[in-house]
Amino acid sequence: MDNSEIAAVFDEIADLLDLQGVAFKPIAYRRAARNIESMEIDINEVAADGKIEDIPGVGKAMAKKIEEMIRTGKLAYLDDLRSEVPSGLVELLKIPDVGPKTAVVLHNELGITSVAMLKEAVLSHRLHGIKGFGEKTEERILQGIRTVESKSGRTLMGIALPVAEAFVDHLKESLPLDKICLAGSLRRGKETVGDIDILVGDDKPATVMDAFVSYPEVDSLLMKGPTKSSVRLRSGLQVDIRAVESKSWGAALCYFTGSKEHNVSMRRIGVEKGLKLNEYGLFERESGTMVAGATEEEVYEALGLRYVEPEIRENSGELEASKQGTLPVLVNRADIRGDFHVHTSWSDGANKVEDVVSKAMAKGYEYIAITDHSQSLRIANGLSPERLSKQIEVVRKADELGGGRVRVLAGSEVDIRADGSLDFPSSLLKDLDIVIGSVHSRFKMEKNEMTKRVVNAVSSGQIDILGHPTGRLIGKRAPYALDLEKVFSAAKDSGVCMELNSFPDRLDLADANCRHAMNSGVKVAIATDAHSVEQMDYIKYGITTARRGWLEAKDVLNTVRGKDILKRLHGGRP
DNA sequence: GCCGTTTTCGGCCCGACTGTTTTCAGTCG
């Protein structure tokens with residue numbers, strides 16, 4: 001069983017214990033689940049080294065359970081719990097506003113054991129007779145069921161961010177707000193978000209709430225209070241807004257940005273120092289005197305910590321690093337000097353080479369690589385060797401016209417064939433400045449075979465970058481079976497970089513894998529895979545993901561200066 | 001069930017909003 005499977009078991013245990021009314025244990029299991037899930041090392045390896053109990057939140061009891069799962073693929077304790085709790089109740093917990101208490105009452109009073117049964121009961125108004133259940137509760141539960149049925153969960157950052165920014169612009173236009181900021185998982189740059197969080201610092205919160213709920217894109221009002229409101233937009237996205245006074249701005253930004261686990265750890269550190277942290281500030285526990293709160297920096301400082309960038313507030317070692325002063329200086333937009341992966345109308349892109357070059361100049365890049373598909377990818381109008389030779393000439397001309405302001409690199413996104421060989425002869429690849437090797441076929445290969453295939457290509461000495469290394473499409477296609485450890489090791493030996501593909505539904509390598517690559521001594525190349533000049537702006541999603549992976553400028557290939565880049569690539573290698 | 005520069009036992013993060021109640025439990029973030 002892998003990390004995510006074991007985390008899922010612990011989550012289910014937490015739900016089942018919740019339903020039994022057991023206190024504290026659910027919190028412990030969930031905490032362990034989050035830590036196991038976000039670990040970059042395979043838990044099977046940790047177990048083999050006898051280090052399970054070193055995982056934060058995992059003690060003797062959980063370690064034994066993990067060992068049992070690894071050994072047998074099952075867990076007797078889970079089976080026992082399942083037999084004690086009516087099946088189906090866990091499913092009810094997925095409905096918003098239905099928690100363990102409500103689920104148990106619904107079962108005891110009406111014998112409900114599934115979402116379908118609950119829906120039926122609500123529609124026939126059978127909840128009405130139960131103590132504590134009124135009309136509004138029925139309506140809320142029905143709404144919740146519809147939400148679960150209609151939405152498959154989370155939204156891509158690349159979809160949510162433009163929506164959120166438009167909403168913020170609307171608020172800024174309607175009110176003179178000096179402090180307004182996106183918060184939550186969107187500010188942390190997670191690849192998908194559950195909702196949009198907006199924080200406002202203003203001394204008249206009521207007017208803010210009015211402007212918020214009257215946004216034309218609002219479909220329905222979910223909740224409206226004096227300082228906190230929620231709406232659902234026509235797009236289906238939920239938006240939460242919270243208003244606080246200016247003196248609490250920093251504390252509120254911390255609180256509202258999360259992650260929840262990061263916040264909990266922050267508060268624990270506060271407790272140790274006799275301090276209480278909430279969204280209004282940091283206070284002395286005894287006297288109630290405010291110690292900090294106006295800015296995030298002063299909140300961290302008052303807790304004896306260095307400021308932690310939002311992207312890494314995931315309780316995965318950042319607070320320890322903060323305490324010790326060993327936080328990374330994360331890569332940022334200003335460090336990025338070029339894009340390595342862009343398609344043109346030569347294959348399946350929308351724009352001409354010169355349009356791409358203009359866009360690159362507008363973005364202030366020092367270099368831009370033209371990398372169309374290779375011959376095997378017929379569906380994408382992949383280039384034959386002859387057409388690639390012609391394109392190289394066009395690219396060389398564009399480079400001259402660029403007048404040295406932007407280096408235009410001749411490249412290719414070459415298919416890695418099933419046996420690991422490349423889709424162009426090496427004699428042709430030698431004429432290029434940069435070669436990306438990518439897997440575009442036979443995704444379902446068995447793990448050993450796929451690993452051999454990719455390692456072959458990486459070790460060929462003919463590619464600079466492994467394109468979208470795991471092939472995942474967020475929410476649509478799982479990563480192909482691949483032993484990343486072996487790929488990273490081969491990449492390190494042959495000086496090949498891993499691409500961080502910035503397409504919103506790829507973000508491949510994912511954040512945790514970026515960190516893994518860095519720790520394996522492999523550089524990451526942030527690239528867009530743009531198929532139109534507009535998509536070259538997706539670079540921001542790649543940068544955000546790199547930051548979430550703790551990458552610094554030195555870990556990223558495209559922070560290299562224009563005058564040095566050729567020496568670092570294919571063409572520059574002996 | 002986990003954890004410890006106050007602790008190996010006794011704690012475990014904190015507050016807003018809602019609904020249905022006459023003061024609060026449940027849920028969420």
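Start by selecting arginine 232: in β7, glutamine 238 stands opposite it. Strand β6 (residues 228-233) and strand β7 (residues 238-244) pair in the antiparallel sense, over 5 bridges. Two strands count as paired if DSSP finds at least two bridges between them. Helices (H or I, at least four residues) and strands (E, at least two) are DSSP runs, numbered from the N terminus.

Some ground rules before moving on. This is a predicted model, in which local features need pLDDT of at least 70, side-chain atom pairs count only at pLDDT 80 or more, and totals for chains, interfaces and linings use all residues. Residues are numbered from 1 along each chain as its sequence is written, while chains are lettered from A and ligands numbered from 1 in the order in which they are written.

**Colour by confidence**

Now colour chain A by pLDDT, the predictor's confidence in each residue, from 0 to 100. The chain average is 90, and 99% of the residues score at least 70. Helix α9 (residues 135-150) has the lowest confidence, with a mean of 81. Strand β17 has the highest, at 98. Where pLDDT is low, predicted coordinates should not be read in detail.

Chain A is assigned domain 1 (3-150), domain 2 (155-244), domain 3 (258-324) and domain 4 (333-572). These bounds come from an automatic or database domain assignment. Show domain 3 and domain 4 together: their centres, taken over C-alpha atoms, are 40 Å apart.

**The five-strand sheet**

Go back to β6 and β7. What is the order of the open sheet of 5 strands? The order is β2-β4-β7-β6-β5, and the pairing is mixed. Select β2 (179-183) and β5 next: these are the edge strands, each with a single partner, so one side of each has no neighbour in the sheet. From one strand to the next, the twist averages 20°. Angles run from 0 to 180 degrees between N-to-C directions, and axes are lines fitted to C-alpha atoms, for helices over the stretch in contact.

**Alanine 164**

Select alanine 164, in helix α10 (residues 157-174). Is alanine 164 buried or exposed? It is buried, because 23 other C-beta atoms lie within 10 Å. The cut-offs, with C-beta atoms placed from the backbone: 20 or more other C-beta atoms within 10 Å of a residue's own means buried, 12 or fewer exposed, and anything in between partly exposed.

Leave aside neighbours within four places in sequence, and alanine 164 is in contact with Leu182, Leu186 and Ile196. Contact means that the C-beta atoms, placed from the backbone, lie within 7 Å. Draw a C-alpha to C-alpha distance from alanine 164 to leucine 186: 8.8 Å in space, across 22 residues in sequence.

**Around DNA strand B**

Show DNA strand B. There are 39 residues around it, and Gly59, Gly99, Thr102, Gly134 and Gly225 come nearest. A residue is near a strand if its C-beta atom, placed from the backbone, lies within 6 Å of it. Elements that give two or more residues to this surface include α2 (25-38), α4 (60-72), α7 (100-110), α9 and β5 (218-224). Helix α14 gives the largest share, 6 residues.

- Select glycine 258 and serine 259: a cis peptide bond joins them, with omega about -5°. Serine 259 lies in the loop between α13 (249-257) and α14.
- Select aspartate 97, in the loop between α6 (89-92) and α7. Its phi is near 75°, positive in a residue other than glycine. Aspartate 97 counts as exposed because it has 11 C-beta neighbours inside 10 Å.
- Select leucine 507, in the loop between β16 and α22. Its phi is near 40°, again positive in a residue other than glycine. Leucine 507 is buried, with 31 other C-beta atoms within 10 Å.
- Select aspartate 508 and leucine 509: the peptide bond joining them is cis, with omega about 10°. Leucine 509 lies in the loop between β16 and α22 (511-519).

**The seven-strand sheet**

Last stop: an open sheet of 7 strands, in the order β11-β12-β13-β14-β15-β16-β17, with parallel pairing. At the edges are β11 (338-342) and β17 (524-527), each pairing on one side only. Strand β12 (residues 367-373) and strand β13 (residues 407-415) pair in the parallel sense over 7 bridges. Select isoleucine 370: its bridge partner in β13 is alanine 410.

Helix α17 (residues 353-362) lies across β11, β12 and β13, at about 145° to β12. Helix α23 (residues 539-548) packs on the sheet, touching β11, β16 (497-501) and β17. The direction of α23 makes about 150° with that of β17.

Terms used
Contact = placed C-beta atoms within 7 Å.
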